[in-house]
Amino acid sequence: DWANPMAPRIDPAGKGMAGVLVRLSGTAGKGAPVGTLRVEARDGQIVLTQGGEARQVGVARLGDVVEFISRQERLQVVRARGAAFWAVPMPERDKPTRRVCEKAGWVELSSAAGQYWARAHLLVTDDTLVTWTDAQGRFRFDNVPVGKLTVMARVPDWRLERFDRDPETTEPARADYRAAKDFEAPADGGSEVVLKVPAVAFAGR
C-alpha cells in the first residue's frame with residue numbers, strides 16, 4: 001500500500017485547500033529568491049523541501065540550483081517531464097547531486113525506479129511574487145504594486161488516469177495522474193482576492 005502524494009489537504013471548517021502554489025502575474029522585475037529547493041527521495045515518495053516545509057509543489061527561479069538527495073536505501077531515479085526532460089539517479093543514500101533550472105515552465109517529477117505512485121511538481125518561473133496557501137487555504141502578498149494583475153494557481157489532480165504494467169510480472173510499473181487544473185482571478189494591488197477552486201472541477205471518479 002502507498003499513500004497518494006497528491007491527495008488534497010482540505011480545511012474542514014472553511015474548505016480551503018492547503019499547500020497550493022499561488023503566483024501573481026503582471027508585476028515587473030525579476031522575482032525575489034524563493035528559498036533553496038531540495039528534492040528528496042524518502043519512504044518511496046518524492047518530497048520537495050523548501051522554506052522549512054515538506055511540499056509536493058515547489059518553485060525555483062531560472063538559473064537556480066536544485067539539490068537531489070535520497071533518504072532511503074532503495075534506489076530512486078527522479079524523472080522530469082514537461083518543461084524539462086532529464087533523469088537524476090540517486091543510488092546512494094545521503095549523497096546529494098545537483099541540477100540547474102534552465103527553462104521556465106511546469107515540470108512533473110516522477111519515479112523511473114518502480115515507485116510508480118511517487119509524484120511532485122515544480123514550477124520554474126521569474127514571476128515576482130510567489131507563495132503557498134496555509135492550512136486554511138489563505139495566502140498573502142505584501143508590497144503589491146497598483147495595477148491590473150492576475151492571481152494564478154495550479155492544483156495537481158490526485159486521481160489516477162491509468163496504470164502501465166510490467167509485461168512479465170503484470171505489476172504496475174508507472175501510473176499517470178489526471179492533468180492538473182489551472183485557476184486564476186483578476187487582482188488589484190491592496191485588495192483582497194478569493195481564488196475559488198470549484199468542487200465540480202474535480203468531480204467524477
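What follows is a short walk through a predicted model, from the whole chain down to single residues.

The ground rules come first. Because this is a predicted model, local features need pLDDT of at least 70 and side-chain atom pairs count only at pLDDT 80 or more, whereas totals for chains, interfaces and linings use all residues. Residues are numbered from 1 along each chain as its sequence is written, and side-chain values use heavy atoms, with hydrogens and water left out.

At the level of the fold, the chain has 16 strands and 0 helices; both are DSSP runs numbered from the N terminus, with helices being H or I over at least four residues and strands being E over at least two. Of its 205 residues, 44% come out as buried, where buried means under 20% relative accessible area, exposed means over 50%, and partly exposed covers what is in between (1.4 Å probe, protein chains only). Among contacts with a separation of 6 or more, 67% join residues 24 or more positions apart, a contact being heavy atoms within 4.5 Å.

Next, the second largest pocket, which holds about 570 Å³ of space. Pockets are found on a 1 Å grid over the protein atoms alone: a pocket is an open set of points with protein on both sides within 12 Å along at least five of seven lines, unlike a cavity, where a 1.4 Å probe fits but cannot get out, and lining residues have an atom within 4 Å of a point. Grid points are joined across faces, edges and corners, and the volume is the space filled by probe spheres set on the points. The lining of this pocket takes in 24 residues, with Arg9, Ala18, Gly19, Arg55 and Gln56 lying nearest the centre. Strand 3 (45-50), strand 4 (53-55) and strand 13 (148-155) are the elements that put two or more residues into that lining, and strand 4 gives the most, with 3 residues. By type, the lining splits into 15 nonpolar, 4 polar and 5 charged residues (nonpolar: Ala, Val, Leu, Ile, Met, Phe, Trp, Tyr, Cys and Pro; charged: Asp, Glu, Lys and Arg; polar: the others, Gly among them).

Threonine 133 sits in the loop between strand 12 (129-132) and strand 13, and it counts as buried because its relative accessible area is 10%. Its side chain is 2.7 Å from the backbone oxygen of methionine 17, and a polar atom of that side chain lies 2.9 Å from the backbone nitrogen of valine 20. Polar contacts of this kind are pairs of N or O atoms within 3.5 Å; within protein, one must be able to donate a hydrogen and the other to accept it, and residues adjacent in sequence count only if both atoms are side-chain atoms. Beyond neighbours within four places in sequence, threonine 133 touches Met17, Ala18, Gly19, Val20, Val22, Arg138 and Phe139.

Leucine 123, in strand 11 (residues 119-124), is also buried, at 3% relative accessible area. Leaving out neighbours within four places, leucine 123 has contacts that include Leu21, Val59 and Trp106. Its C-alpha is 9.9 Å from that of cysteine 101, 22 residues away along the chain.

Two arginines make a handy pair. Arginine 159 is in the loop between strand 13 and strand 14 and is buried, with 11% relative accessible area; its side chain makes a polar contact with that of aspartate 157 at 2.7 Å. Arginine 165, in strand 14 (residues 160-165), counts as exposed at 51% relative accessibility. The side chain of arginine 165 reaches the backbone oxygen of threonine 170 at 2.9 Å, and its contacts outside four places in sequence are Thr170, Glu171, Pro172 and Ala173.

Finally, some backbone angles. Most residues other than glycine have a negative phi. Lysine 15, in the segment before strand 1 (21-25), has a positive phi near 65° and is exposed at 60%. Aspartate 43, in the loop between strand 2 (38-42) and strand 3, has a positive phi of about 50° and is exposed at 73%.
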